[in-house]
Amino acid sequence: MFRFILPLAAALSATAVQAEVTNTADNGFTVKHSAPVNAAPEVVWKTIIAPARWWNGEHSFSGNAENFYLVPQAGGCFCELLRTVSEDNIKSAEGSVQHMRVLFAQNNKALRMSGALGPLQGEAVTGTLTIGLRPDGENTAVSFVYKVGGYMEFPVDQIAPAVDGVIGEQLTRLAALFAPEEETEAEPESEPEEAEQAE
């Protein structure tokens, strides 16, 4: 089950993701996140449309990110299979979940989807997630903007920060796939005096 209510601010504090709950009202809120990703837009795009690679499986109904899939065209589904594995290792799906539906897709530039994520799915709200990609030198500036509005029983001042944390976590995980590997420090050479003593 989606774990939106877990505090995630600490997990985001050490990243380059910029996050903000930019607007709240009695019936909705907006969260915005942006981050530089160390890859070209076409490479980032191919990863975005493969959510099993970066969306945290803890924020799923099956508990396994491998069950996510996304069809990047209008009307396409960001969905999840509810799979089971029998004793003889035969995999089958006993159900499925639509997390979001694609409204707009433009390769390497933008993806907009509609859907109430996690516990919001059971409320009378609409959520719209817009993912933007913009070339930034050899890298890509990526933004996630999620707008939620409608009737819900969750207090906005509680659910908005929780949703903000989860959306930010996904962008953090996406960017982390392209983070440059830390260069290993070369071992220091022996000092001349030590070398002479060794002789």
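Reply: In this predicted model, ring pairs join Trp-54, Trp-55, Phe-68, Phe-78 and Phe-144 into a cluster. The count of aromatic pairs comes to four. One of them is Phe-68 with Phe-78. Phe-68 belongs to strand S3 (residues 68-70) and Phe-78 to strand S4 (residues 77-85), so the contact ties together parts 10 residues apart in sequence.

S3 and S4 run antiparallel, joined by three bridges. Leu-70 stands opposite Phe-78. Six residues separate the strands in this hairpin, where Gly-75 adopts a positive phi near 90°. S4 also runs antiparallel to S5, with nine bridges between them. There, Thr-84 faces Ser-92 across the strands as its opposite.

Now Phe-144. This cluster member is among the residues with the most contacts inside the largest nonpolar core, which has 39 residues. Phe-29, Leu-120, Tyr-146 and Leu-174 are also on that list. Helix H3 (156-176) and strand S8 (139-151) each supply at least two core residues, as does S3. H3 gives the most, with eight. Beyond its sequence neighbours within four places, Phe-144 is in contact with residues including Trp-54, Val-31, Leu-129, Ile-131, Ile-167, Leu-171 and Leu-174. Its partners also include Lys-32, His-33 and Gln-170. In soluble globular proteins, nonpolar side chains tend to be buried together.

Conventions. Residues are numbered from 1 along each chain as its sequence is written. This is a predicted model: local features need pLDDT of at least 70, side-chain atom pairs count only at pLDDT 80 or more; totals for chains, interfaces and linings use all residues. Side-chain values use heavy atoms; hydrogens and water are left out. Rings of Phe, Tyr and Trp (its six-membered ring) pair if their centres lie within 6.5 Å; planes under 30 degrees apart count as stacked, over 60 as edge-to-face and the rest as tilted. Helices (H or I, at least four residues) and strands (E, at least two) are DSSP runs, numbered from the N terminus. A nonpolar core is a set of buried Ala, Val, Leu, Ile, Met, Phe, Trp, Tyr and Cys residues joined through side-chain atoms within 4.5 Å. Buried means under 20% relative accessible area, exposed over 50%, partly exposed in between (1.4 Å probe, protein chains only). Contact means heavy atoms within 4.5 Å. Two strands pair if DSSP finds at least two bridges between them.
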